[in-house]
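Please consult the sequence and the model alongside the text.

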Amino acid sequence: MKKKLHIDAENPIITECWNFCRLAVALSENNMKWYVEKFWDINIYDGFIAFYYEVDLDNRAMPDYDEVLKTESLIYKNDIISQVEETLDRGGYPIIFIHNEKVLLKDHEILIYGYDNKKERVYCMVYVGQPIYWKKAEYSYEELKRYFKEELDILKEDDDMFLYYKEFGYPALAVFRKEMSDRKINLISIYKIILKMLYSGYKGATGVKLYHSEDQRWVEIHRGIEIYKMYYESLPEQLCKDKKYLEKNYNVIKSIYKICESKKNIRKKITYLIDKNYIPDVSDLICQLNLLCKYLTNARLLLEKYQISGEEKVIRKMANNMQIAEIIDKSFMEQFAQILKREIKKEI
């Protein structure tokens, strides 16, 4: 017997693994109303570590999926293959944490969306990093059992690490799509997010433990319009002190990928709101977002070029692109906030 379930690998937030695995499942059905309200802003911490949600939240940088997904724990002490098959047969998607020396992140989750028990293979999405981040892959039953057991052996030796991953539901869980209620999109929640992006600036001096193995850090969280200054002020200053800073900190380019990704997804959401008659046709705002994405892409390419050339003029060009991007983004959000306010007032 074999089974393959549908996944959406186009719309999800691909730069964050824990969100990709859930969104690939949630958005394989019509859950766009829920999605349109989420993932507008990102937070960039000192050191250019970026997340869509703050990592010191109880749900670990994830929004509330309860409206669109149901989660079940798998009994990881039992045979994992039979549980994978049984979950898929019920329409659920196993997310398994494995240890695989052959991939970019050897300790990482995989999203399983199908199996073939004649060939003894599972079909899954695995993380490969930028620029595509995720790709489809196959594991034999034997490989999956071995990689999963190796991960469990590691977790048995490290209680803190086990408890940290347990917060995400790992080392093994199953997610099931829910049928979303037929409700309207909450424009007020989007309006409040836009205002936050425009005016909140940074949150300073908050103690955040970013990763399991790291010491406590005192960091600032930069968000909304304020993130651009990190690239046209803070980064050039950092590169003046240390020309190899980009080589040492892969998060700089990873975070700019995330900014580009967030703006492209905002463009999709605006289009959805227009198509479903939540807002009037605002083609000029779409043009602004296209232009914003162009400048952000230019800035990313210039950063990648600097990694190779080390030329100061390349960083100056990058900084100029980010300054222009900031102006465009601010203009877009101010106009969009006014449009949302007008549409919300019509409901009175």
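## Charges over rings

A charge is said to sit over a ring if NZ of Lys or CZ of Arg is within 6 Å of the ring centre and within 35 degrees of the ring normal. Arginine 300 meets this description with tyrosine 257, lying over the face of the ring at 4.6 Å from the ring centre. Likewise, the charged end of lysine 269 is placed over the ring of tyrosine 35, 4.7 Å from its centre.

## Basis of the model

The model is predicted: local features need pLDDT of at least 70, side-chain atom pairs count only at pLDDT 80 or more, and totals for chains, interfaces and linings use all residues. Residues are numbered from 1 along each chain as its sequence is written, and side-chain values use heavy atoms, with hydrogens and water left out.

## Overall form

The protein has eleven helices and eleven strands; these are DSSP runs numbered from the N terminus, helices (H or I) having at least four residues and strands (E) at least two. Its C-alpha trace spans about 55 × 55 × 35 Å along the principal axes.

Of the 348 residues, 55% are buried, where buried means under 20% relative accessible area, exposed over 50%, and partly exposed in between (1.4 Å probe, protein chains only). The accessible surface comes to about 16,800 Å², and carbon and sulfur atoms account for 49% of that area; the Shrake-Rupley method with a 1.4 Å probe was used, and for residues only the protein chains shown count as cover. Among contacts (heavy atoms within 4.5 Å) between residues at least 6 apart in sequence, 68% join residues at least 24 apart.

## Salt bridges

Side chains of opposite charge can pair when their charged atoms come close. The structure holds 17 salt bridges, each being a side-chain nitrogen of Lys or Arg within 4 Å of a carboxyl oxygen of Asp or Glu. In one of them, glutamate 37 pairs with arginine 183, with the closest N and O atoms 2.8 Å apart. This pair links distant parts of the chain, 146 residues apart: glutamate 37 is in the loop between helix H2 (32-36) and strand S2 (43-45), and arginine 183 is in the loop between strand S9 (172-177) and helix H6 (187-199). Glutamate 37 is buried at 11% relative accessible area, whereas arginine 183 is partly exposed at 21%.

Within helix H4 (residues 141-156), lysine 149 and aspartate 153 lie four residues apart, about one turn of the helix. Their side chains form a salt bridge at 3.0 Å, N to O, and aspartate 153 is partly exposed at 30% relative accessibility. A network of salt bridges links Lys70, Glu72, Glu86 and Arg90.

## Aromatic pairs

There are 17 aromatic pairs. Rings of Phe, Tyr and Trp (its six-membered ring) pair if their centres lie within 6.5 Å; planes under 30 degrees apart count as stacked, over 60 as edge-to-face and the rest as tilted. The rings of tryptophan 34 and tyrosine 65 are tilted, with centres 5.1 Å apart and planes at 40 degrees. Tryptophan 34 in helix H2 and tyrosine 65 in the loop between strand S3 (49-51) and strand S4 (69-73) are 31 residues apart, and both are buried.

One aromatic cluster is formed by Phe20, Tyr127, Tyr133, Trp134 and Tyr257.
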